[in-house]
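Thanks for coming. I'll go through one structure today, starting with the strands and then moving to the side chains.

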Amino acid sequence: MKSGHQHPPQLAPEHWCAESKDGVAVLHVPGLNGRARIFDVDASLLVDVPPQVEGGWLELTVEFDGKRQWSRRIPAHNPGQTDGLEYHQRVRLEAEQGLRIRAVAAVKGGRVRWLVIEAREER
């Protein structure tokens, strides 16, 4: 005899990712009916720094739904290697609420190797 009690199916945690090599990455986390969700949002910038750089810098700006959340500019380090910046934020989305995340990189005296935004659902 089967029980009349059923458990809802366990869904895998959501993982969204956007990558760019041109300095601008945009990630859309769609709204979901029926439940609130918590995401760990990370933005990572990796820059190639030339061996002979003077006065170089790198900058990362992160926006949620068009509003600036964070921005930082630092001097470029590690001539002839790479340098980077990272951002982390935990965000709660209510049922049906989506989120548009935009990361913008700027570089003086170097080159963007990659820019990545990830949103991982916490469970």
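How many bridges join strand 1 to strand 8? There are six, and the two strands run antiparallel. One of the residues involved is cysteine 17, whose bridge partner in strand 8 is glutamate 118. Before I go on, please keep in mind that this is a predicted model.

Four strands make up an open sheet, in the order 1-8-3-6, with antiparallel pairing. From one strand to the next, the twist averages 10°.

Next, the core. The largest nonpolar core has 27 residues. Which of them touch the most other members? They are Val29, Leu45, Leu60, Val62, Phe64 and Ile101. At least two residues of this core come from each of strand 2 (24-29), strand 3 (37-48), strand 4, strand 5, strand 6, strand 7 (99-108) and strand 8 (111-122). Strand 3 gives the largest share, five residues.

I'd like to stay with phenylalanine 64 for a moment. Its relative accessibility is 8%, and because buried means under 20%, it counts as buried. If we leave aside neighbours within four places in sequence, phenylalanine 64 is in contact with Val41, Gln69, Tyr87, Gln89, Val91, Leu99, Arg100 and Ile101.

Tyr87 on that list brings us to the rings. The structure holds two aromatic pairs.

Why is the pair of tryptophan 70 and tyrosine 87 called tilted? The ring centres are 5.3 Å apart and the planes are at 40°; planes under 30 degrees apart would count as stacked and those over 60 as edge-to-face, so this pair is tilted. Here too the pair links distant parts of the chain, with tryptophan 70 in strand 5 (residues 67-75) and tyrosine 87 in strand 6, 17 residues apart. Both tryptophan 70 and tyrosine 87 are buried. Through these ring pairs, Phe64, Trp70 and Tyr87 are linked into a cluster.

There is one more ring to mention. What sits over the ring of tryptophan 57? It is the charged end of arginine 73, 3.5 Å from the ring centre.

Last, two backbone details in loops. Aspartate 65 lies in the loop between strand 4 and strand 5. Its phi is near 50°, a positive value in a residue other than glycine. Aspartate 65 has 46% relative accessibility and therefore counts as partly exposed. Asparagine 78 is in the loop between strand 5 and strand 6. It also is not a glycine, yet it has a positive phi of about 65°. With a relative accessible area of 36%, asparagine 78 is partly exposed.

That's what I have. I'll take questions now.

Technical notes. Residues numbered from 1 in each chain as written. Predicted model: local features only at pLDDT ≥ 70, side-chain atom pairs only at ≥ 80, totals over all residues. Heavy atoms only, no water. Phe/Tyr/Trp six-rings, centres within 6.5 Å; stacked < 30°, edge-to-face > 60°. Buried < 20%, exposed > 50% of the residue type's maximum accessible area, 1.4 Å probe, protein only. Lys NZ or Arg CZ within 6 Å of the ring centre and 35° of its normal. Core = buried A, V, L, I, M, F, W, Y, C linked by side-chain atoms within 4.5 Å. Contact = heavy atoms within 4.5 Å. Pairing = 2+ DSSP bridges. Axes fitted to C-alpha atoms, helices over the stretch in contact; angles between N-to-C directions.
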